[in-house]
Amino acid sequence: MPQRYSLTAIILHWAIAALLAFQIAVGWALEDLGARGFSLYQLHKSVGMTILALTLARIAIRYWKPRPAKLEGGWQGALASGVHVGLYAFMLGAPLTGWALVSTARVKVPTLLFGMLPLPHLPLPAGSHAVAENGHGLLAWIGIALVLLHVAGALRHHVMMRDGLIWRMVPGRSTALLLALPALILVGFVAGRAILPAPQAAPVPAPVAEDVDTEPDTSNVAMAQAVNAAAAPPATAAANAIEAATEQPVGPPPAWTVQPGGRIGFSVGNDGDTISGSFARWTARIVMDPDHPESADIQVSIDMASASVGDAYKDGMLPGDEFFATAAHPTATFVAKGAEATGPNRYRASGTLTLKGVSKPQAIRFALSGKDATRKVSGSATIARSAFGVGNGDSSTGLTPQVAVTFDFAARRKD
């Protein structure tokens with residue numbers, strides 16, 4: 001019987017040990033990071049699945065390649081065997097419960113292992129989520145205890161008994177490797193702590209804009225004048241303009257056809273960063289005489305399943321109940337009857353936004369450029385996401401309350 005494990009078994013042993021230390025360092029912090037820990041959460045899942053694969057390989061090698069015989073019997077040998085069995089259970093159970101936890105979560109977050117290989121969700125009932133979550137956390141603490149017992153046993157044999165047992169897991173009787181290989185565990189832990197985001201400073205309240213559009217519903221955040229706004233004409237001048245317009249007969253307002261190539265985008269703050277995206281599918285029906293904005297009749301319909309922020313992980317979360325709930329509410333609509341001029345070729349329309357089954361008053365600002373039959377339209381709005389139940393879960397804690405929406409497209413007058 002050989003006195004040393006096979007080289008493959010030795011490599012797998014130390015690789016798994018270093019990865020476990022990394023996982024523990026990252027896992028401790030994930031719960032407190034909120035949205036800032038999104039990318040680390042994905043990495044944690046990827047490393048967990050790697051540990052699962054390496055452990056299965058380690059088990060196969062254990063029964064394929066001959067192993068050194070036990071050096072100790074009695075209760076000490078039984079304890080050592082029990083710790084080994086427990087470690088294998090931990091290395092298998094922790095990734096599997098983590099996989100089950102992700103698969104049964106209310107918010108279905110897709111997993112791409114290291115950003116490349118999709119990991120399907122396990123076909124488990126949603127009711128098992130609490131069991132998976134509690135089991136995953138409990139296994140982590142049990143695993144730490146088992147690792148400490150394993151290390152204590154190895155040191156006992158090497159320092160107190162001096163029976164050379166530890167050399168069985170070192171390729172060659174090299175003192176340098178004897179120091180370097182265990183140091184990999186410390187390196188894994190330090191690496192896990194090093195990639196954690198820096199502690200976030202307390203948010204500073206944003207200054208309130210002096211000129212704000214307000215709506216009857218107080219839960220709807222008004223649009224600041226700084227977003228696509230211009231100084232409004234004096235009230236008397238506006239009244240005179242309206243009075244002059246009513247003195248002359250006005251024909252029916254023209255309808256406009258939105259041309260291909262337009263864009264509706266959105267952005268939201270995320271713990272100091274900004275998440276930006278757009279909707280790929282939307283339609284608009286516009287009737288308006290720019291010289292008589294009160295004639296406006298605007299209807300916009302957005303396919304919420306077409307939302308994308310350019311990241312496969314986050315895109316997979318958007319259709320879920322925490323954000324857009326597209327299965328129950330596939331479409332968002334904005335309807336406005338009438339608009340008002342706020343400056344040369346600049347307008348404000350107050351209407352109703354229906355999003356995720358909730359309808360609230362909403363204002364938009366827009367500007368027109370060009371002349372005759374073709375006009376370019378650009379504008380913006382600020383939406384209070386909480387009023388519509390968008391971002392109502394744990395992964396949204398770092399998002400700012402307001403979502404900025406911008407739109408830019410060309411429209412051609414129907415003859």
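Which residues are linked with Asp-297 in a network of salt bridges? Arg-285 and Lys-337 are linked with Asp-297 in this network, a salt bridge being a side-chain nitrogen of Lys or Arg within 4 Å of a carboxyl oxygen of Asp or Glu. Before we go on, please note that this is a predicted model, where local features need pLDDT of at least 70 and side-chain atom pairs count only at pLDDT 80 or more, while totals for chains, interfaces and linings use all residues. Residues are numbered from 1 along each chain as its sequence is written, and side-chain values use heavy atoms, with hydrogens and water left out.

Asp-297 and Lys-337 meet through their side chains in a salt bridge of 3.0 Å, N to O. This pair links distant parts of the chain, 40 residues apart: Asp-297 is in strand E7 (residues 292–303) and Lys-337 in strand E9 (residues 331–337). Strands here are DSSP runs of E with at least two residues, and helices are runs of H or I with at least four, numbered from the N terminus. Asp-297 counts as buried at 17% relative accessibility, whereas Lys-337 counts as exposed at 57%. Buried means under 20% relative accessible area, exposed over 50%, and partly exposed in between, using a 1.4 Å probe and protein chains only.

A search of the whole structure finds six salt bridges. Among them, Arg-348 and Glu-340 meet at 3.4 Å, N to O. Here Arg-348 is buried, at 10% relative accessibility, and Glu-340 is partly exposed, at 41%. Asp-408 forms another salt bridge with Lys-376, with the closest N and O atoms 2.9 Å apart. Asp-408 lies in strand E14 and Lys-376 in strand E13 (residues 374–384), so the pair ties together parts that are 32 residues apart in sequence. Asp-408 is partly exposed at 33%, and Lys-376 is partly exposed at 41%.

Strand E14 (residues 402–413) also leads us to strand pairing: E3 and E14 pair in the antiparallel sense over three bridges. Two strands pair if DSSP finds at least two bridges between them. Within this pairing, Val-258 has Ala-411 in E14 as its bridge partner. Strand E3 (residues 255–258) pairs with strand E6 (residues 282–289) as well, in the antiparallel sense over two bridges. There, Trp-256 has Ile-286 in E6 as its bridge partner.

Finally, look at helix H1 (residues 7–33), which holds Asp-32. Asp-32 is exposed, with a relative accessible area of 68%.
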